[in-house]
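Please look at the structure shown here before reading on.

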Amino acid sequence: MNSEFTIAVHSLVYLAYLPERMAPSEAIADNVATNPARIRKVMSCLKRGGYVDTREGAGGGYRLTLDPAVVTLADIYKLMAQGSVIPSWCSGNPEMDCVVGSNMREVMDGIFCRAEKQLESYFGGITISDVLGQIKECKQC
């Protein structure tokens with residue numbers, strides 16, 4: 001999992017929370033607790049995915065373009081972090097004489113692929129609206 005996924009979800013939930021569903025990168029960055037440049041990078045991906053649009057000039061910023069009740073965490077995961085569950089390196093070497101060392105990579109790749117499919121399936125049942133609803137139920141709200 002990468003932090004861009006978390007930033008993307010947080011940003012979309014924040015925009016869904018706002019009555020006008022629009023905010024500049026500085027306001028989003030303050031809410032996410034990161035810098036505006038990082039927000040702009042993530043929002044650029046979300047814009048390419050069709051989740052947000054931009055408005056230039058005074059009063060401009062990022063605007064949520066889709067209904068938060070239909071955007072799932074799986075949608076955002078696939079856009080921002082798909083494949084991040086699978087490690088970039090796995091132990092073992094297929095050329096080894098040992099049954100463990102020669103098969104570990106293949107077995108672990110299968111395990112991680114199945115884990116990612118389960119994660120995507122779980123995320124598919126959670127919408128941006130669901131996350132906002134859970135936040136609104138927090139005792140601190």
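Axes are lines fitted to C-alpha atoms, for helices over the stretch in contact, and angles run from 0 to 180 degrees between N-to-C directions. This is a predicted model, in which local features need pLDDT of at least 70 and side-chain atom pairs count only at pLDDT 80 or more, while totals for chains, interfaces and linings use all residues. Residues are numbered from 1 along each chain as its sequence is written, and side-chain values use heavy atoms, with hydrogens and water left out.

Start with helix α3 (residues 36–48) and helix α4 (residues 73–80), whose axes come within 10 Å and cross at roughly 110°. Helices here are DSSP runs (H or I, at least four residues), numbered from the N terminus. The two helices α3 and α4 are therefore roughly perpendicular to each other, a label that covers angles of 65 to 115 degrees. Their crossing, α3 with α4, is right-handed, meaning that the near helix is turned clockwise from the far one by less than a right angle. On the α3 side the contact (heavy atoms within 4.5 Å) uses V42, C45 and L46, and on the α4 side I76, L79 and M80. By class these residues are 6 nonpolar, no polar and no charged. Here Ala, Val, Leu, Ile, Met, Phe, Trp, Tyr, Cys and Pro count as nonpolar, Asp, Glu, Lys and Arg as charged, and the others, Gly among them, as polar.

Helix α3 also packs on α1: their axes come within 10 Å and cross at roughly 80°. That makes α1 roughly perpendicular to α3. From α1, the residues S3, E4, I7, A8, S11, L12 and L15 meet R38, I39, K41, V42, M43 and L46 of α3. This contact of α1 with α3 has 8 nonpolar, 2 polar and 3 charged residues.

Helix α1 (residues 3–17) packs against helix α2 (residues 25–32) as well, at an angle of about 115° and with the axes 10 Å apart. The crossing of α1 and α2 is right-handed. It brings together I7, H10, S11, Y14 and L15 of α1 with A27, I28, N31 and V32 of α2. No charged residue takes part in the contact of α1 with α2, which has 6 nonpolar and 3 polar.

The largest pocket is lined by 12 residues, and H10, V13, Y14, N31 and I135 lie nearest its centre; lining residues have an atom within 4 Å of a point. Helix α1 gives the most to this lining, with 6 residues.

Methods: On a 1 Å grid over the protein atoms alone, a cavity is a set of points where a 1.4 Å probe fits but cannot get out, and a pocket is an open set with protein on both sides within 12 Å along at least five of seven lines; lining residues have an atom within 4 Å of a point. Angles under 35 degrees count as roughly parallel, over 145 as roughly antiparallel, 65 to 115 as roughly perpendicular and the rest as oblique.
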